[in-house]
Amino acid sequence: MTLTGKLRLVKALANELARLPQPVITSYQLGRLIFNAYIANSIGGENLTLKKNIPDKKQYNDALNAMLDAGVLSKVSGLSGNFFKVLGKPDVSPDEIICSIDPFCYISYLSAMEYHGITDRLPRTIFVSSPPPLDWRAHANELMRKDLKEQYALYIEKGFPQLTRPRPKKIAGKLIEFKSNSHMGAYKNVQGRALRVATIGRTFLDMLRDPELCGGIQHVTDVYKEYAKQYLRLIIDEIDMHGNGIEKARAGYILETQVGITDPKVDAWQKTVQRGGSRKLDPGAEYSSFFSERWALSLNVPSVNSNAD
């Protein structure tokens, strides 16, 4: 490619990158832009004068290096792997960066509680839910096939970057903790931001599933006491649809005895209660002899076991 052609390509790629909503891109996203530019000999409606219609890894590397040299892209500090910050994009929070580089993750647990304004904790760790490795790879292959359509096989054959699963331990000083979920939860896309966050209903369900990731069971109980009435219908609908038996028992006990809620759906949960020695209000604590007969639940939380029935 001539110098003029290279500069034209870099300028066209820079314009296209500026249109993206996210501040950080992956090598796969960049590879797809470069690959499609060569295949179509155009990008973003702008015709190019590229001599090679079928690119290979060399064309990708040349374009990447040219954009790095021009300052259009820069490596993201502290992240291993090929992730790039786009020139002119504002600095964003670490949770937006992780959502930019992993298309299948979302912010959850205590971090989601912070986003929704239902905790006074300031977590040093960003909690992220993402599919298990095999599921993640299946989602990635499906997305690449959808993106590249009939050019997918050629893209892979020519050695262009594929979607890879990022696992950063820290971003901008914030620790990142991943939780693999075989069934991806309900999340929402935050308008105007490269951010996905667990819905309020799913966040209340996750508090019962993994209270240790939500500030501990005592904090979970306090949050239910303070906010459950405000979000009651969303909480009950989510737990009714996606909660299992023990999660419904925990929710039912807390809603009835700690929040003072009576509801037909909660009553229906009680009718399906099954007794078992491992049924505990706090799944991570020792079994306690204080017991809720109605919910067949060991009340192994000191602040609530005085309400045993």
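**Entry 1: D267 and R294**

I looked up D267 and found a relative accessible area of 35%, so I noted it as partly exposed. The model I am reading is a predicted one. D267 takes part in a salt bridge with R294. The closest N and O atoms of that pair are 3.0 Å apart. I then checked where the two residues sit. D267 is in helix α12, and R294 is in the loop between β12 (291-292) and β13 (297-298). They are 27 residues apart, and the pair links distant parts of the chain. R294 has a relative accessible area of 28%, so I put it down as partly exposed too.

**Entry 2: D263 and R233**

Next I went to D263. Its side chain meets that of R233 in a salt bridge, 2.9 Å from N to O. D263 lies in the loop between α11 (245-259) and α12 (264-271), while R233 is in helix α10 (residues 232-242), so this pair ties together parts that are 30 residues apart in sequence. How accessible is D263, and is it buried or exposed? Its relative accessibility is 10%, and buried means under 20%, so D263 counts as buried. R233 comes out at 42% and counts as partly exposed. R233, D237, D263 and K265 are linked in a network of salt bridges.

**Entry 3: K85 and D91**

How many salt bridges does a search of the whole structure find? I read off 13. One I looked up joins the side chains of K85 and D91, at 3.8 Å from N to O. K85 is partly exposed, with a relative accessible area of 24%. D91 stands at 70% relative accessibility; exposed means over 50%, so D91 counts as exposed.

**Entry 4: D102, a charge without a salt bridge**

I turned to D102. It sits in the loop between α4 (94-101) and β6 (106-107). D102 is buried, yet it has no salt bridge. Which side chain of opposite charge is nearest to it? It is R167, at 4.1 Å. D102 does have a polar contact: its side chain and that of S130 are joined at 3.3 Å. I also listed what D102 touches, leaving out residues up to four places away in sequence. The list is S130, W136, P166, R167 and R196.

I looked up E96 in helix α4. At 8% relative accessibility, E96 counts as buried. Apart from neighbours within four places in sequence, E96 is in contact with R193, A194 and L195. I followed A194 from there. A194 is found in the loop between β10 (187-189) and β11 (196-198). A194 is buried as well, with a relative accessible area of 15%. Not counting residues up to four places away, A194 touches Q22, P23, E96, C99 and S100. Q22 made me check separations. A194 and Q22 are 172 residues apart in sequence, but their C-alpha atoms are 5.4 Å apart in space. E96 and Q22 are 74 residues apart in sequence and 8.2 Å apart from C-alpha to C-alpha.

**Entry 5: A138**

I looked up A138, found in helix α6 (residues 133-148). At 44% relative accessibility it counts as partly exposed. I checked its separation from V266, which is 128 residues away along the chain. The C-alpha atoms of A138 and V266 are separated by 37 Å.

**Entry 6: Helix α3**

Last, I worked through α3, residues 57-70. The buried residues of α3 are Q59, Y60, A63, L64, A66 and M67. Seen down the axis of α3, these fall within an arc of 160°, so they line one face of the helix. The spacing rule I kept in mind is that an α-helix has 3.6 residues a turn, so residues three or four places apart point the same way. On the other side of α3, K58 and D69 are exposed.

I checked both ends. D56 caps the N-terminal end of α3, with a side-chain oxygen 3.0 Å from the backbone nitrogen of K58. After α3 comes G71, whose phi is positive, near 80°.

Conventions. Residues are numbered from 1 along each chain as its sequence is written. Side-chain values use heavy atoms; hydrogens and water are left out. Helices (H or I, at least four residues) and strands (E, at least two) are DSSP runs, numbered from the N terminus. The expected span of a helix is 1.5 Å times one less than its number of residues. Buried means under 20% relative accessible area, exposed over 50%, partly exposed in between (1.4 Å probe, protein chains only). The arc is that of the directions from the helix axis to the C-beta atoms. A polar contact is a pair of N or O atoms within 3.5 Å; within protein, one must be able to donate a hydrogen and the other to accept it, and residues adjacent in sequence count only if both atoms are side-chain atoms. Lys and Arg count as positive and Asp and Glu as negative; His and the chain ends are not counted. A salt bridge is a side-chain nitrogen of Lys or Arg within 4 Å of a carboxyl oxygen of Asp or Glu. Contact means heavy atoms within 4.5 Å.
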